[in-house]
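Subject: Structure handover

Hello,

Please find the structure below, with its sequence. My notes on it come after.

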Amino acid sequence: MRRRAGLVLLAFAVFFAALSPLLRWYAFPRLAKVPPNQYQEVVLEAKPATLLDYTTLKAKEVEKVTIVQTLKGNVEESEKIERSAGRDVVVWDALSYIQGPDGKMVSEIPERYIFDAHTQAPVNATGEMVDGDPVRRTGIEFKWPFLTEKRDYEYFDAQSRTTAPIHYKGTRTFRGLEVYYFEQTIPWTKVPMPKKMPIEGVTAEQITQTGITRWYTTKRMFWVDPVTGAPVNGEEIHREELRNAKKMGMSEDTVTAFSGHVKMREDYIVDTVGLVKSQRVLVLLLTSYLPWGFLGLGIGLLALALWLEARSRTPREPTSA
Amino acid sequence: MRALVAAAIGLAAALALVFTISAVGSPPGETSPKPLLTTVPGPKQ
């Protein structure tokens with residue numbers, strides 16, 4: 001009886017001990033993925049900001065500029081691309097809508113970002129674009145990979161349509177979470193005019209034809225939860241200029257089109273931190289809690305099985321009649 | 001010999017469980033009907 005119980009315990013010991021590495025290195029990379037149907041919005045604000053007033057053609061300080069960024073997973077498109085790519089793909093249709101203090105649109109830039117659901121590496125497929133211009137991303141955007149490492153990553157800059165390193169600058173504590181802080185600086189770069197202009201009847205082509213050019217620089221900051229790879233906070237010190245502006249009747253040749261320190265609105269920080277805290281438990285379950293728990297259980301059961309086996313082999317003392 | 005068989009059963013069960021869970025995955029769901037926003041949303045609840 002003891003020998004049979006020992007064998008059953010041995011089977012369970014091997015079962016749990018084997019589950020430990022299988023969960024971490026086989027199941028986790030296949031199960032952890034960004035869902036293709038995600039919908040997320042975030043509101044950022046620059047208070048105060050400098051904005052070009054197109055009626056006077058002069059830059060003026062305003063109380064607030066708001067940026068509403070929406071990400072929407074396009075399930076139909078992701079399934080289409082998955083068939084040819086042969087892997088799990090996520091297609092995010094994004095819109096950055098910028099609103100001035102008067103509630104009027106300043107600019108809106110649509111994007112399509114296609115990436116691997118498991119690794120978050122960009123997938124180059126037809127339809128990938130920024131503001132209608134086809135692009136070919138080589139770096140991540142919006143989200144870091146699961147189990148983010150303490151190293152620099154390649155990050156895609158939508159304004160310049162280029163990829164540049166985003167540097168790991170250390171570990172910080174943000175709202176009770178241990179996060180990795182990343183920073184990227186884009187030096188003054190000539191960038192295309194947004195397709196949608198705030199002045200009715202004026203197109204980007206018309207402005208470009210006058211010889212005016214748009215330049216931009218930014219310092220981008222992200223606080224990233226290393227378990228889920230999700231940023232819990234983002235800020236940008238962003239400046240845009242119109243150069244050769246005299247060609248459009250402006251009094252100065254270089255005019256600030258936008259300047260401000262853009263920060264996430266407080267309610268969205270609270271919401272994002274709450275969401276990330278709940279999601280990181282699922283990732284930790286597969287990468288830490290269950291593998292270590294199962295390994296300990298396996299070792300314990302093996303010890304118990306060996307102990308039962310040893311006891312079954314010990315000769316019994318003769319009993320007196 | 002019986003110990004080896006018991007260990008093999010335990011290993012096979014672990015492999016079968018993990019392969020099954022990994023193969024099943026999760027359903028993709030549907031594209032959200034909500035629009036890409038062109039208005040500033042109110043405070044998040």
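This is a predicted model: local features need pLDDT of at least 70, side-chain atom pairs count only at pLDDT 80 or more; totals for chains, interfaces and linings use all residues.

Residues are numbered from 1 along each chain as its sequence is written, chains are lettered from A and ligands numbered from 1 in the order in which they are written, and side-chain values use heavy atoms, with hydrogens and water left out.

Salt bridges

Over all chains there are 26 salt bridges (a side-chain nitrogen of Lys or Arg within 4 Å of a carboxyl oxygen of Asp or Glu). One of them pairs A:Arg112 with A:Glu77, with 3.6 Å between the closest N and O atoms. A:Arg112 belongs to strand E5 (residues 105-116) of chain A and A:Glu77 to helix H2 (residues 75-85) of chain A, so this pair ties together parts 35 residues apart in sequence. Helices (H or I, at least four residues) and strands (E, at least two) are DSSP runs, numbered from the N terminus. A:Arg112 and A:Glu77 are both buried (under 20% relative accessible area, with exposed being over 50% and partly exposed in between, for a 1.4 Å probe and protein chains only).

In a further salt bridge, A:Glu240 meets A:Arg214 with the closest N and O atoms 3.1 Å apart. Here the link is between strand E12 (residues 231-243) of chain A, which holds A:Glu240, and strand E11 (residues 213-224) of chain A, which holds A:Arg214, so parts 26 residues apart in sequence are tied together. A:Glu240 is buried at a relative accessible area of 12%, and A:Arg214 is buried at 6%. As for networks, salt bridges that share partners join A:Glu77, A:Lys80, A:Asp93 and A:Arg112 into one.

A:Glu128 and A:Arg137 also form a salt bridge, at 3.5 Å between the closest N and O atoms. A:Glu128 counts as buried because its relative accessibility is 3%; A:Arg137 is buried too, with a relative accessible area of 1%.

Helix H4 of chain A

Helix H4 (residues 266-313) of chain A has 48 residues and should span 70 Å at 1.5 Å a residue; its end C-alpha atoms are 68 Å apart, which agrees. The expected span is 1.5 Å times one less than the number of residues.

Chains A and B

In the interface, 37 residues of chain A are in contact with 32 residues of chain B (heavy atoms within 4.5 Å). The area buried between the two chains is about 3,000 Å², and carbon and sulfur atoms give 70% of this; buried area is the accessible area (1.4 Å probe) that two parts lose on being put together, summed over both. Two salt bridges are counted between chain A and chain B. B:Lys44 and A:Asp271 meet through their side chains in a salt bridge, at 3.9 Å from N to O. The elements giving two or more residues to the side of chain A that touches chain B include helix H1 (2-31), strand E1 (39-53) and H4 of chain A. H1(A) gives the most to that side, with 13 residues.

Regards
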